[in-house]
Amino acid sequence: MGRELDERIITRAILERFMRKLESCLDLDVAIVGAGPSGLVAAHDLAAAGLKVAVFERKLSVGGGMWGGGMMFNEIVVQEEARGVLEKFGVKTEKFQENYFTADSVEAVTTICSKAMGAGAKIFNLMSAEDVIVREKRVCGLVINWTAVEMGGLHVDPLALHARFVVDATGHEAQVVRVVERKVGAELFTPDGRIQGERCMWAEIAERTTLDNTKEVFPGLYVAGMCANAVFGSFRMGPIFGGMLLSGQKVAKLILERRGEMGR
Ligand code: 48F
């Protein structure tokens with residue numbers, strides 16, 4: 001039946017193609033940590049503008065908190081301002097009432113992810129950012145390891161890559177900023193130089209402040225999505241996703257304004 005298949009060739013194909021992909025990402029324009037909605041939108045916009053972008057995602061699946069909609073009801077809500085972002089990606093939205101639109105969360109994740117990859121962003125799932133590289137008080141790279149190493153508590157050294165800019169899009173955990181706060185001993189661009197911490201749910205304020213808080217938090221390091229509110233001390237918003245999408249767009253725009261620093 002058909003042509004012969006050799007398991008060794010299948011294995012070699014995977015090894016060689018993966019190595020080629022990872023090796024092409026050792027010197028990035030932008031490294032994004034977290035493939036939730038904000039990270040994926042940022043990856044799309046940056047890659048579409050011609051930058052070399054990779055996303056590192058701890059879990060097996062991309063999409064972060066979007067898959068599950070609200071409490072596992074797999075629909076998301078976006079407000080009027082953000083509806084255009086979903087439509088730009090080709091995600092269908094449906095009006096619920098004035099200023100409230102819904103979308104299927106699975107369609108949103110898969111479509112945005114597909115468009116980000118189509119634009120040229122690389123995505124590495126099952127990899128966690130466990131540290132950063134800092135030179136002359138500027139974040140200029142990421143230290144990565146397999147999530148399985150972290151989960152197994154195995155004593156295995158990580159690998160590293162350089163990036164002109166790093167985006168922390170790790171959501172509530174603000175994992176990259178936490179490392180900088182703990183290890184660099186330097187002041188973050190927050191009111192007291194430290195992570196301010198997330199507050200309880202207040203959708204309206206949280207959605208607005210997510211956008212205001214999407215900015216550089218330490219030289220070379222930007223925050224986007226829920227992470228921006230966790231770092232700058234604002235509220236959580238629950239399953240309304242407009243702020244996440246707009247934050248991804250904003251962080252891409254801010255970084256693109258600095259493309260001169262990338263020699264582009
Ligand atoms: O949490 P997440 O979806 O981030 P977001 O883009 O969106 C937040 C919303 O989903 C929701 C909300 C409002 O609507 O509050 O929670 O801000 O996705 C963050 C991703 O980062 C991954 C994590 O697995 C998730 O998929 N992540 C977290 N820490 C690391 C990481 C790490 N150290 N390395 C790699 N990925």
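Predicted model: local features only at pLDDT ≥ 70, side-chain atom pairs only at ≥ 80, totals over all residues.
1. Residues are numbered from 1 along each chain as its sequence is written, and side-chain values use heavy atoms, with hydrogens and water left out.

2. Helix 2 (residues 37-48) packs against helix 4 (residues 105-118) at an angle of about 30 degrees, with their axes 8 Å apart; helices here are DSSP runs of H or I with at least four residues, numbered from the N terminus, and axes are lines fitted to C-alpha atoms over the stretch in contact, with angles running from 0 to 180 degrees between N-to-C directions. Helix 2 is therefore roughly parallel to helix 4 (angles under 35 degrees count as such). Leu40, Val41, Ala43 and His44 of helix 2 make the contact (heavy atoms within 4.5 Å) with Ile112, Cys113, Lys115 and Ala116 of helix 4.

3. Helix 9 (residues 242-256) packs with helix 2 at an angle of about 40 degrees, and their axes are 7 Å apart. On the helix 2 side, the residues that meet helix 9 include Ser38, Val41 and Asp45.

4. Around the ligand there are 28 residues, and the closest are Ser38, Glu57, Gly65, Gln175 and Met226 (a residue counts if one of its heavy atoms lies within 4 Å). Ser38 places a polar side-chain atom 2.7 Å from an oxygen atom of the ligand, and an N or O atom in the side chain of Glu57 is 2.6 Å from an oxygen atom of the ligand.

Methods:
Helix = DSSP H or I, 4+ residues; strand = E, 2+ residues; numbered from the N terminus. Parallel < 35°, antiparallel > 145°, perpendicular 65-115°, else oblique. Polar contact = N/O pair within 3.5 Å; in protein donor to acceptor, adjacent residues only side chain to side chain.
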